[in-house]
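Biologist: Can you walk me through the helix packing and the ligand site in this one?

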Amino acid sequence: MENPFKFGTIVDGKYFTDRTEEVAYIKQFIDSPNHLILISPRRFGKSSVVMRAIKQTQRQYISLNLQNITSIADFSAKLLREFFKIHPLEKVRQLITHFRIIPTLNTNAITGAIEVAFQPSSSPIDPLEDVMNLIDTASTPENRIVLILDEFQEIADISNSLPKQLRSIMQQQQNINYILLGSQESMMTEIFEKKKSPFYHFGQLMRLNKIPRNDFANYLSERLKDCCPEKFNEIAESILKYTDCHPYYTQQLAATVWQTLIMQPETEDVLPIAIQQIIDTHNLDYERLWINFNRTNKFILQRLALNLTLQAAELPTSTIYSALKNLQKKGVVIYSTHYEIEDPFFREWIAQRA
Ligand SMILES: Nc1ncnc2c1ncn2[C@@H]1O[C@H](COP(=O)(O)OP(=O)(O)O)[C@@H](O)[C@H]1O
Ligand SMILES: [Mg+2]
């Protein structure tokens with residue numbers, strides 16, 4: 001039997017729940033000449049919701065994660081490579097001969113994919129501008145290409161001058177819809193809300209929340225019904241209580257609960273068993289993560305894991321605050337209504353050792 005829960009990659013179809021309004025909203029954006037900025041912590045479902053909306057509109061899209069980009073030349077090359085996945089090279093070969101720097105193109109004999117490289121140059125922004133203009137030319141007002149840039153807050157990390165340069169290229173474009181995704185709230189608002197930023201008011205800001213409890217409870221119950229006919233509602237509720245409706249961790253815990261019940265149907269108290277199993281699986285990763293925190297961060301994480309207040313701690317408020325910012329930047333701590341450790345299993349791992 002196939003596990004009815006899925007976590008880690010983009011979900012769709014039977015693994016996708018709720019988000020009807022969000023999908024409708026994103027679709028309406030893609031149908032307009034405006035751009036969308038979607039913010040949420042990691043693994044809340046940004047990629048999944050955007051892909052679902054795009055699939056429904058059947059529009060062509062290019063998607064790139066800035067976290068995997070090492071330089072402007074690399075950015076240009078990967079963008080062109082992705083473009084060739086939706087557009088035949090033959091149709092634009094002529095246009096490429098006009099590039100200021102001619103890229104090297106190689107066809108991978110096994111996958112058939114076109115690999116692209118640009119020679120380093122003294123003006124690395126030229127190839128990027130040429131590639132962006134090529135995409136704009138291939139895109140038409142009736143069928144605008146959607147360009148998704150994930151982890152957009154990394155932009156200035158690629159090169160200090162890139163935000164300004166990229167913005168001025170985008171300024172001249174006519175036919176592209178941009179969807180910019182980001183998982184670091186404070187950096188994203190800095191980029192799009194600060195008057196001095198080149199991306200000030202570039203598009204509409206949208207925040208993605210966790211999945212509503214009722215809907216998620218139905219989703220879980222429906223899929224747990226067969227493996228525990230007596231207690232499926234109760235188990236669904238306790239999973240959500242533990243994960244606080246976090247999309248990824250909920251699916252992860254539900255998948256483990258399901259697996260445990262399939263293998264040992266008579267298991268009495270399944271939740272703590274499944275939780276411990278996940279913690280044990282990640283023990284090495286957690287250890288590696290933990291030893292790299294400084295003492296202040298360790299202290300704060302322990303207080304958060306044990307639900308102890310931070311203010312009463314013996315550290316100055318400013319120290320606590322900057323440590324929290326740093327932990328947020330690393331994605332270890334998230335803030336919605338209060339500061340919390342992002343991964344409930346890591347939280348428990350810390351609490352067990354505190
Ligand atoms: N609409 C949804 N319904 C059910 N599970 C979801 C949904 N969106 C996300 N998830 C869960 O969260 C995981 C991460 O989703 P993803 O779209 O990759 O998030 P992000 O792009 O924000 O990091 C998925 O693998 C899935 O387990
Ligand atoms: Mg994603």
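Modeller: A definition to begin with: a crossing is left-handed if the near helix is turned anticlockwise from the far one by less than a right angle, and right-handed if clockwise. This is a predicted model, where local features need pLDDT of at least 70, side-chain atom pairs count only at pLDDT 80 or more, and totals for chains, interfaces and linings use all residues. Residues are numbered from 1 along each chain as its sequence is written, chains are lettered from A and ligands numbered from 1 in the order in which they are written, and side-chain values use heavy atoms, with hydrogens and water left out.

Biologist: Which hand is the crossing of H11 and H12?

Modeller: H11 and H12 cross in the right-handed sense.

Biologist: At what angle do their axes cross?

Modeller: Roughly 115°, with the axes of H11 (residues 247-263) and H12 (residues 270-281) coming within 9 Å. The two helices are therefore roughly perpendicular (65 to 115 degrees).

Biologist: Which residues meet there?

Modeller: From H11, Leu253 and Val257 are among them, and from H12, Ile273 and Ile278 are among them. Contact means heavy atoms within 4.5 Å. The contact residues divide into 9 nonpolar, 4 polar and no charged.

Biologist: Switching to ligand 1: which residues are closest?

Modeller: Lys6, Thr9, Arg43, Ser48 and Gln251 are the closest of the 20 residues around ligand 1 (a heavy atom within 4 Å).

Biologist: And which backbone atom lies 2.7 Å from a ligand oxygen?

Modeller: A backbone N or O atom of Arg43. For Gly8, a polar backbone atom is 2.9 Å from an oxygen of ligand 1, and for Gly45 a backbone N or O atom lies 3.0 Å from one.

How values were computed. Axes fitted to C-alpha atoms, helices over the stretch in contact; angles between N-to-C directions. Helix = DSSP H or I, 4+ residues; strand = E, 2+ residues; numbered from the N terminus. Parallel < 35°, antiparallel > 145°, perpendicular 65-115°, else oblique. Nonpolar A, V, L, I, M, F, W, Y, C, P; charged D, E, K, R; others polar. Polar contact = N/O pair within 3.5 Å; in protein donor to acceptor, adjacent residues only side chain to side chain.
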